[in-house]
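Here is a note for a colleague who is opening this entry for the first time. Please keep the sequence and the 3D view side by side while reading.

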Amino acid sequence: MYSIENKKRVVIKIGTSTLAHKTGRLNIRRMEKLVKVVSDIQNSGREVILVSSGAIGLGMSKLGMQKRPTETKLKQACAAVGQCELMYIYDKLFGEYNLTVAQLLLTKYVIEGPRKNNIINTVEELVNHHVIPIVNENDTVAIDELELEFGENDTLAAQVALLCNADLLIIMSDIDGFYNANPKLDPNAELIPVVNEINDDVRKLAGDAVSGLGTGGMITKLNAAEMVMAEGIDMALLNGRNPAILYDLFDGKQAGTIFASGK
């Protein structure tokens, strides 16, 4: 059985489908459970960095929208409103467990440019002070994610894992893991517990389904896995509907799909 006992620095990406109901409004019960589990993992001695989606979905709710907008400037407005709400909730919930959070809003130009060392230094200091960094792309000024050029937060999470020298990347989505067929279409689809290589055969198994609120599909998760595996970082794909599955993962039990780098 795969073990991650030696994985100390962990980047956890939380998808919109985990944080919000289909209405776009916050899934309070799930988010409370998620924060409780993540707080426990942090208290166990691990260093947790969150990459959180959800700002646009929460902004839609605050602005009374029923569907995700298609116009870029309207998405930016939703992100601006929703990011405030998202961080307020994280701060409140983590504060109940005596943990402090910090907000990092990034753009691909900073991540890929010479100022990326500023990110690395900031995260190091936050982690050293037992603060949980919460990362999102700065959608109000960087529209790459909104226009699907940069990708979405799966790619961002992989970039953060690489920048911060993480030991493990966890992506929490609305699917139990990686299957040999689309489980939403094929009732006989089987979960693949471990993937050791991202090759053409694996890519052919990836569907293109996305949730109503998020922007990522399975192919973006494979891209993220490929990015981190190339640098010796493992990735786990888990279903965010049950945040307690993180306990199973860290206890060495079968949980989702592990993309093992072999390093």
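1. Overall make-up. The model is a predicted one, and that should be kept in mind throughout. The chain contains 10 helices and 10 strands, and of its 263 residues, 55% count as buried. When contacts between residues at least 6 apart in sequence are considered, 73% of them join residues that are at least 24 apart.

2. Strand E5 and its cover. How many of the six residues of strand E5 are buried? The strand runs over residues 168-173, and six of its six residues are buried, so that E5 can be described as mostly covered. In a regular strand the side chains alternate between the two faces of the sheet. Here both faces are covered, with Leu 168, Ile 170 and Met 172 buried on one side and Leu 169, Ile 171 and Ser 173 buried on the other.

3. The strands that pair with E5. Strand E1, which spans residues 9-14, pairs with E5 in the parallel sense over five bridges, and in this pairing Val 10 stands opposite Leu 168. Strand E9, made of residues 234-239, also pairs with E5 in the parallel sense, over six bridges, and there Leu 168 stands opposite Asp 234.

4. Lys 13 in strand E1. Is Lys 13 buried or exposed? This residue is found in strand E1, and it counts as buried because its relative accessibility is 7%. Leaving aside residues up to four places away in sequence, Lys 13 touches Val 51, Ser 53, Asn 153, Asp 154, Ala 157, Ile 170, Ile 171 and Met 172. The C-alpha atoms of Lys 13 and Ile 134 are separated by 9.6 Å, although these two residues are 121 residues apart along the chain.

5. Helix H3. Residues 55-62 form helix H3, and seven of these eight residues are buried, so the helix is largely enclosed by the rest of the structure. The buried residues are Ala 55, Ile 56, Gly 57, Leu 58, Gly 59, Met 60 and Ser 61, and what covers them includes H4 and strand E4 (132-137). Ser 61, which is found in this helix, counts as buried because its relative accessibility is 14%, and it touches Gly 24 and Arg 25 when residues up to four places away in sequence are not counted. After H3 comes Gly 64, whose phi is positive, near 75 degrees.

6. The packing of H7 against H9. At what angle do the axes of H7 and H9 cross? The axes of H7 and helix H9 (residues 218-229) come within 8 Å and cross at roughly 10 degrees, which means that H7 is roughly parallel to H9. On the H7 side the contact is made by Asp 154, Thr 155, Ala 158, Gln 159, Ala 161 and Leu 162, and on the H9 side by Thr 220, Lys 221, Ala 224, Met 227 and Val 228.

7. Two asparagines with positive phi. Asn 98 has a positive phi of about 60 degrees although it is not a glycine, and it is found in the loop between helix H4 (72-95) and strand E3 (101-106). Asn 98 is exposed, because its relative accessible area is 73%. Asn 165, another residue other than glycine, has a positive phi near 55 degrees and lies in the loop between helix H7 (153-163) and E5. Its relative accessible area is 60%, so Asn 165 is exposed.

8. Cysteines. A disulfide is a covalent bond between the sulfur atoms of two cysteines, and how many disulfides does the structure hold? The structure holds zero disulfides. Cys 78 counts as buried because its relative accessibility is 0%, and Cys 164 is buried as well, with a relative accessible area of 3%.

Terms used
Residues are numbered from 1 along each chain as its sequence is written. This is a predicted model: local features need pLDDT of at least 70, side-chain atom pairs count only at pLDDT 80 or more; totals for chains, interfaces and linings use all residues. Side-chain values use heavy atoms; hydrogens and water are left out. Buried means under 20% relative accessible area, exposed over 50%, partly exposed in between (1.4 Å probe, protein chains only). Helices (H or I, at least four residues) and strands (E, at least two) are DSSP runs, numbered from the N terminus. Two strands pair if DSSP finds at least two bridges between them. Contact means heavy atoms within 4.5 Å. A disulfide is a pair of cysteine sulfur atoms within 2.5 Å. Axes are lines fitted to C-alpha atoms, for helices over the stretch in contact, and angles run from 0 to 180 degrees between N-to-C directions. Angles under 35 degrees count as roughly parallel, over 145 as roughly antiparallel, 65 to 115 as roughly perpendicular and the rest as oblique.
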